[in-house]
Amino acid sequence: VSSIPPHLAGPIADEMLKEQCDADPDNFLPVLKTKWITKMQADETPATDQQTIAKLLKNWFQTHRKKHWKKPSKKNAPAVEAIREMLGEKES
């Protein structure tokens, strides 16, 4: 069962699912931090893709690391801050 909402389904979500974002969240977290945050912030990534990646990563955190989205650990804070910044959200 996928945690990805239907409105975010597509090639980017499919790629994350192939990387076990739902099946193995502990192993996906390093991929999220290295691959997906970098891709989200890359100038060559189209703005619509940047937003999609940010929304998917926010959804992932809210599904698999809910407490870390609200109050990020030291290790997760940079990733959460980068996602929030991309989405134009302030820390709550």
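K39 sits in helix α2 and E15 in helix α1, so the pair ties together parts that are 24 residues apart in sequence. Please keep in mind that this is a predicted model.

How exposed are these two residues? K39 is partly exposed, at 32% relative accessibility. E15 is also partly exposed, with a relative accessible area of 29%.

As for the background, side chains of opposite charge can pair when their charged atoms come close. How many salt bridges does the count come to? It comes to five. I will go through two others.

One of them joins E19 and K35, with an N to O distance of 2.5 Å. E19 lies in the loop between α1 and α2, and K35 lies in helix α2, so this pair ties together parts that are 16 residues apart in sequence. E19 counts as partly exposed at 22% relative accessibility, and K35 counts as partly exposed at 28%.

The other is between R65 and D26, where the N to O distance is 2.5 Å. This pair links distant parts of the chain: R65 is in the loop between α3 and α4, D26 is in helix α2, and they are 39 residues apart. Is R65 buried or exposed? R65 is buried, at 17% relative accessibility, because the limit for buried is under 20%. D26, at 56%, counts as exposed.

Back to the pairs I began with.

Now some glutamines. Q20 lies in the loop between α1 and α2. Its phi is near 65°, a positive value in a residue other than glycine. Q20 is partly exposed, at 38% relative accessibility.

Q41 is in helix α2 and is partly exposed, with a relative accessible area of 45%. Setting aside neighbours within four places in sequence, Q41 is in contact with Q50, A82 and M86.

That brings us to Q50, which is found in helix α3, residues 47–64. Q50 is buried, with a relative accessible area of 14%. What does its side chain reach at 3.0 Å? It reaches the backbone oxygen of A42. Beyond neighbours within four places in sequence, the contacts of Q50 include M40, T45 and M86.

Technical notes:
Residues numbered from 1 in each chain as written. Predicted model: local features only at pLDDT ≥ 70, side-chain atom pairs only at ≥ 80, totals over all residues. Heavy atoms only, no water. Helix = DSSP H or I, 4+ residues; strand = E, 2+ residues; numbered from the N terminus. Buried < 20%, exposed > 50% of the residue type's maximum accessible area, 1.4 Å probe, protein only. Polar contact = N/O pair within 3.5 Å; in protein donor to acceptor, adjacent residues only side chain to side chain. Contact = heavy atoms within 4.5 Å. Salt bridge = Lys/Arg side-chain N within 4 Å of Asp/Glu carboxyl O.
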